[in-house]
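Have the model open while you read.

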Amino acid sequence: MELSTVWFCLIAVLWVGYFTLEGFDFGVGMLLPVLARDDRERRVMINTIGPVWDGNEVWVLTAGGATFAAFPEWYATLFSGFYLPLLLILLALIVRGVAFEYRHQRPGATWAGWWDRVIIVGSFVPALLWGVAFANIVHGVPIDADKEFAGSLWTLLNPYALLGGLVTLTLFLTHGAMFVALKTEGDIRHRARALAVKVGAVAAVLAVVFLVWTQAHTGNGGSAVLFALAALALVAGLLMAARGREGWAFLGTFVTLALAVAGLFVALFPDVMPTTLADGLSLTTSNASATDYTLKVMTIVALVFTPLVLCYQAWTYWVFRRRIGVHHLPDAELEHGGPRPTASPA
């Protein structure tokens, strides 16, 4: 196997990790005004992702860096053509991170309320736009013979791409609701589980339409298998949620996202960014890759550091594995704005 193919697979793995892990972060953020009845429950929801949200974002940073180093032509065309959507995603991630850190700095409902709105918007924008971006990558965009994007912002807002955005939005909402049900106690747990089933049903319909459309346009045998398994995993997750099995339900949405993203990359290969122009040039793992020497160095570095990062993140999830509820918030913290999002829910 060529190193360019290896790195295509590794970048796919990074995006699988990002969507499965950061996906429930986005879902929890968007569900703050829906599931929480008061400020204490909002703090509980934020604390469920407090210890892990920043670690989950490392996956997208690594994916971007790996794309820049392994496929510079892909990176250049992608970030020039998708400049505005990616800029909006970046800004949303920045202000969302600031909101997590600043929300607790001052007491008062007004202060916390404004930062809650920032968290909601900062979660909604990436959840929608990542789907739009990936749908355009898989479906193809106008790329000319000079490997340059030849479209506009309106080119990206086509029906297929907008459907992709709705799919990621609803799947992340379902994934986030499953996570809240898994990590909380009391009424909020039951509300989250019930909401996950309702939103998940909508997500299932949208996802099936999107995956069938993708398969018909650019799919192959491998992507068909992965898409079918993703659909089955989502149905199984919703059934487990309806039966009160939160752990299996969360695993179902986790596997759904993993298989769906993997299926998109399988459908895309060997292209990394297909063109829709008759006289254009599709970017592939061959013509968009870096030199063999660069890929060799990157492979050695990845073999050394990737296991260490995975072990550290797994350890983080193990340490903060307990359920939390409003009774875990000390009275002193309730009076002064609540605990830091990155604090242990002890």
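1. Start with Arg96 and Glu57, both of which are buried. Their side chains form a salt bridge, at 3.1 Å from N to O. Arg96 belongs to helix 6 and Glu57 to helix 4 (residues 53–70), so this pair ties together parts 39 residues apart in sequence. Bear in mind that this is a predicted model.

2. Next, look at Arg103 and Asp39: their salt bridge has its closest N and O atoms 2.6 Å apart. This one also links distant parts of the chain, with Arg103 in the loop between helix 6 (83–102) and helix 7 (109–139), and Asp39 in helix 3 (residues 39–49), 64 residues away. Arg103 is buried at 5% relative accessible area, while Asp39 is partly exposed at 23%.

3. What about Arg40 and Asp38? Their side chains meet in a salt bridge at 4.0 Å, N to O. Arg40 comes out partly exposed at 39%, and Asp38 is partly exposed too, at 29% relative accessibility.

4. On the overall tally, the structure has twelve salt bridges. Shared partners join Asp39, Arg42, Arg43, Arg103 and Asp116 into one network.

5. Is Thr174 buried or exposed? Thr174 has 0% relative accessibility, so it counts as buried. Beyond its neighbours within four places in sequence, Thr174 touches Ala196, Val199, Gly200, Ala203, Leu238 and Thr253.

Conventions. Residues numbered from 1 in each chain as written. Predicted model: local features only at pLDDT ≥ 70, side-chain atom pairs only at ≥ 80, totals over all residues. Heavy atoms only, no water. Buried < 20%, exposed > 50% of the residue type's maximum accessible area, 1.4 Å probe, protein only. Contact = heavy atoms within 4.5 Å. Helix = DSSP H or I, 4+ residues; strand = E, 2+ residues; numbered from the N terminus.
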